[in-house]
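Thanks for coming, everyone. Please have the sequence and the model open while I talk.

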Amino acid sequence: MPSSITLYETYAKTIVFQKNKSKYHVKAHHPDLTICGIGRSATAFKLKEEPLVIKVFYPPYETIAEQEQHNYRKVKESSYYPTLYESGSNYLVIDYIDGRTFFQCLEEGIPILPDYVHQVDQALSYAKRQGLNPSDIHLHNLLVTKENRVHIIDIARFSQTKPCYQWNDLKAGYYKHYHRAYFPSKVPRWMMNLVASIYRATQQ
C-alpha cells in the first residue's frame, strides 16, 4: 500500500511558485501558512496553529532539500539548531524560532553582544565535530531570541567540502569595527546589502 500523505505534505503541495525573470515568487499557498522567510533556493512558511515552519524549495533547488535534511539530522542533539520534524522531496518541517536575525539587529540598533558571537562559535564547533563543514554563515541565518539564545538556520551548505571563511571574516569585522565610536547605532539595509554584494564578488 502507498504511504499516507501527512498534513505537512498536504500543506507543501498547496504552494505554487511562479518564476519572474531569475527569481521565484509565491503564487499560491494554503491559508494556514504565512510567509516568514524568502531565500535564494526556498521560501519558509509559518504554520498558523503550531510553532513550526515549512520550508519549501523552488523546483531547480529541490535536491538541496535532501542535503539540508541530512545536515539537520547530524546536529539534532544541539539546541543551537532547529529540530527537524519531517521532510519530503522538496520540503522540510522545523521549529519556528521567534527572534531577530543579526541583520535585523544591526538595522534596528539592537546590540549584538559578544556572547552571541561566542554562541555562534560553539554551534559551529559542534557541527564540525559531527563531520559537517559550516559554510555560508551570514547575517540572515543567525537568529537571537528574547532569551539571548542564538540559533542557526539554513544549513544546507554545511555539506560542501571547500573551505568557507565567511564567519571568520564577519567575526573579524565585529571585533575590529562594531564597538568603535564611528560605527553607526543603526546600519541601513542598503549599506549591509552593498557590503554583502562586494564581499561575494571578492570571493568568486
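Let's start at His70, which lies in helix 2, residues 62-74. Helices here are DSSP runs of H or I with at least four residues, strands are runs of E with at least two, and both are numbered from the N terminus. A word on the source: this is a predicted model, local features need pLDDT of at least 70, side-chain atom pairs count only at pLDDT 80 or more, and totals for chains, interfaces and linings use all residues. Residues are numbered from 1 along each chain as its sequence is written, and side-chain values use heavy atoms, with hydrogens and water left out.

Back to His70. Its relative accessibility is 42%, so it counts as partly exposed. Buried means under 20% relative accessible area, exposed means over 50%, and partly exposed is in between, with a 1.4 Å probe and protein chains only. Now look across to Ser159. The C-alpha atoms of His70 and Ser159 are separated by 8.7 Å, yet the two residues are 89 apart along the chain.

Another histidine, His177, sits in helix 5, residues 166-178. His177 is partly exposed, at 31%. Leaving out residues up to four places away in sequence, His177 touches Tyr182 and Phe183. Contact means heavy atoms within 4.5 Å.

Next, the hairpin. Strand 3 is joined to strand 4 through 3 residues. The two strands pair antiparallel, over 5 bridges. Pairing requires at least two DSSP bridges between the strands. Ile38 stands opposite Thr43 in strand 4. Ser41 is in the loop between strand 3 (33-38) and strand 4 (42-47). Is Ser41 buried or exposed? Buried, because its relative accessible area is 10%. Beyond its neighbours within four places in sequence, Ser41 is in contact with Phe57, Tyr58, Tyr61 and Ile64.

3 strands form an open sheet, in the order 8-9-10, with antiparallel pairing. Strand 8 (99-101) and strand 10 (150-152) are the edges, each pairing on one side only. From one strand to the next, the twist averages 30°. Helix 4, residues 114-129, packs on the sheet and touches strand 9 and strand 10. The direction of helix 4 makes about 40° with that of strand 10. For those angles, axes are lines fitted to C-alpha atoms, for helices over the stretch in contact, and angles run from 0 to 180 degrees between N-to-C directions. Strand 9, residues 142-145, is joined to strand 10 by 3 bridges. Within that pair, Val144 stands opposite Val150.

On to the cores. A nonpolar core is a set of buried Ala, Val, Leu, Ile, Met, Phe, Trp, Tyr and Cys residues joined through side-chain atoms within 4.5 Å. The largest has 43 residues, and Tyr81, Phe102, Ile152 and Phe158 have the most contacts inside it. Helix 4 gives the largest share of this core, 7 residues. Phe158 touches residues including Asn71, Tyr81, Leu124 and Ile152, not counting those up to four places away in sequence.

Last, the cysteines. How many disulfides are there? The count is 0, where a disulfide is a pair of cysteine sulfur atoms within 2.5 Å. For Cys105, the nearest cysteine sulfur is that of Cys36, 17 Å away. Cys105 is buried, at 2% relative accessibility. Cys164 is partly exposed, at 24%.
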